[in-house]
Amino acid sequence: MADNHLSTAEMQALDAAHHLHPFTDSAALNKKGARIITRAEGVYLTDSEGQTLLDGMSGLWCVNIGYGRAELAEAAKRQMLQLPYYNTFFQTSHPPVLELAARIAELTPGDLDHVFFAGSGSEANDTNLRMVRHYWASMGKPEKTYVIARKNAYHGSTMGGGSLGGMAGIHAQGGLPIPGIVHINQPHWYAEVDDLTPEEFGLQRARELEAEIDRLGEHRVAAFIAEPIQGAGGVIIPPTTYWPEIQRICDEREILLIVDEVITGFGRTGKWFGSEYYGLRPDILTIAKGLSSGYLPIGGSVVNNKVAEGLAAGGEFAHGYTFSGHPVAAAVALENLRILDEEGIVPKVEAETAPYLAKRWAELGDHPLVGEARSLGMLGALELSPDKANRFKFAADEGTVGYLGRENAFANGLVMRHVGDKMIIAPPLVITPSEIDELVEKAALVLDLTLAQAKDQGLMVAA
Ligand SMILES: *Cc1c(COP(=O)(O)O)cnc(C)c1O
């Protein structure tokens, strides 16, 4: 027993009996019992058995300032006592939401100066889908409804978010994608090409957007949506040629560019936004996760002047959430942004910790199980392979070896996630160089253990 009056076994039994987990095979989970996290501080989690884990994933890519910041708890308490809830429908507003909108307008690049709030990234992308269609209808072009997205993208798991995303496993359930959304190929050089340089491949994949606009007819296309770096897809960092070519196409064609920065926003790349890192000029930018460092749920769509004016011309936008701009979530997000800014956390990532992580992470590329080690900012991935020289995939079901890796990580005090047979990390932005050393040393141990098990189980066979 750690902090709770219930034992771990009792908590696991209640969890198994009553709690349905997201993205989880319940039968498999309930056989072994959930790991129960009871507290956290800095970059470390503690579970109900008292084991400490270095959180290499910032929760789910969101705890940018790290755990245990009392200032955020105090901001929440102050706001709850003053005004715990009021809505922003019916021509009303409140101080935290308007201050947060103004602060986000300041931080985001270009004239992205207007924020429509949501409770999550999925909701924000659902907003985007309705908003781009409503925008074009308001502009007298109601036939512009198609949204072009990408295979293996992640934009949430609601009907809209899951449809915009390009995850086969999500599309296989519940009748997704909904009509009017098409998916082009992702710029995943490591996995999908062997005869082009990354630069050639980046251009080729970007030009699929142009081809798709032509195929559908520009007069029917509303927008293109993409993550600057695919997160849930496996930390896929596009070749350097990809984004400039996408921006060129968006500039030349009459379509809106939606950049989903739910992961890359608020410092993860070493810039405040991935759009700055890649020099992008989005019409709409999706935010969530790191906006509050995960301390409370909040997300939003940041739109530029052109889109805001177009929407204003269209009368009422019949859309919104009870918790759009929730005052407590907004107050906590504001405090989070204050800390990120005043403590210089983002420039420190850019100048110090991301270069250090890049150097140490690259060393893992020498491991016999690793076909590629890549990183950018506070994001990293290892491509596991049974034949690193040829970048071959495993013959076993995708994810078999990656799952072993994740289990070995948990057992050895490190949270590292697997996406298929990639191991990925996204540590809190406040991670120190010595904590990076610990992360990399633990990851190396995980690779050794996983390689030994994969050999024992006959898994080191190429497809
Ligand atoms: C997590 C994520 C979302 C969905 O956000 P939720 O808050 O989980 O709904 C959308 N886009 C990207 C890029 C994400 O990583």
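Helices, of at least four residues, and strands, of at least two, are DSSP runs numbered from the N terminus. The labels H and E below follow that scheme. The structure on screen is a predicted model.

**Stop 1: Pro177**

Select Leu176 and Pro177. The peptide bond that joins Leu176 to Pro177 is cis, and its omega is near -5 degrees. Pro177 sits in a loop, with helix H8 (168-171) on one side and strand E6 (181-184) on the other.

**Stop 2: the two domains**

Domain 1 is made of two segments, 35-68 and 344-456, while domain 2 runs over 71-342. Between the C-alpha centres of domain 1 and domain 2 there are 26 Å. Domain 1 brings 38 residues to the contact, and domain 2 brings 36 residues.

Which residues of domain 1 lose the most area to domain 2? Select Trp61, Leu376 and Arg391: together they account for 25% of what the domain 1 side buries.

**Stop 3: Trp61**

Stay on Trp61 and look at its backbone. Trp61 belongs to helix H3, which covers residues 58-61. Its phi is positive, at about 60 degrees, although Trp61 is not a glycine.

**Stop 4: the ligand and its shell**

Select Ser120, Gly121, Ser122 and Asn125, then Tyr154, His155 and Gly156, and finally Glu227, Asp260, Val262, Ile263 and Lys289. By residue class, this shell has three nonpolar, six polar and three charged members. Which helix gives the largest share of the shell? Helix H6 (residues 121-138) does, with three residues.

**Stop 5: distances at the ligand**

How far is an oxygen atom of the ligand from the side chain of Ser122? The distance to an N or O atom of that side chain is 2.5 Å. For a nitrogen atom of the ligand, select Asp260, where an N or O atom of the side chain is 2.7 Å away. Taken on its own, the ligand has 380 Å² of accessible area, and the protein covers 84% of it.

Methods:
Residues numbered from 1 in each chain as written. Predicted model: local features only at pLDDT ≥ 70, side-chain atom pairs only at ≥ 80, totals over all residues. Heavy atoms only, no water. Near = heavy atom within 4 Å. Polar contact = N/O pair within 3.5 Å; in protein donor to acceptor, adjacent residues only side chain to side chain. Areas by Shrake-Rupley, 256 points an atom, 1.4 Å probe, with all protein chains shown as cover. Nonpolar A, V, L, I, M, F, W, Y, C, P; charged D, E, K, R; others polar. Domains from an automatic or database assignment. Contact = heavy atoms within 4.5 Å. Buried area = accessible area lost by both parts, 1.4 Å probe.
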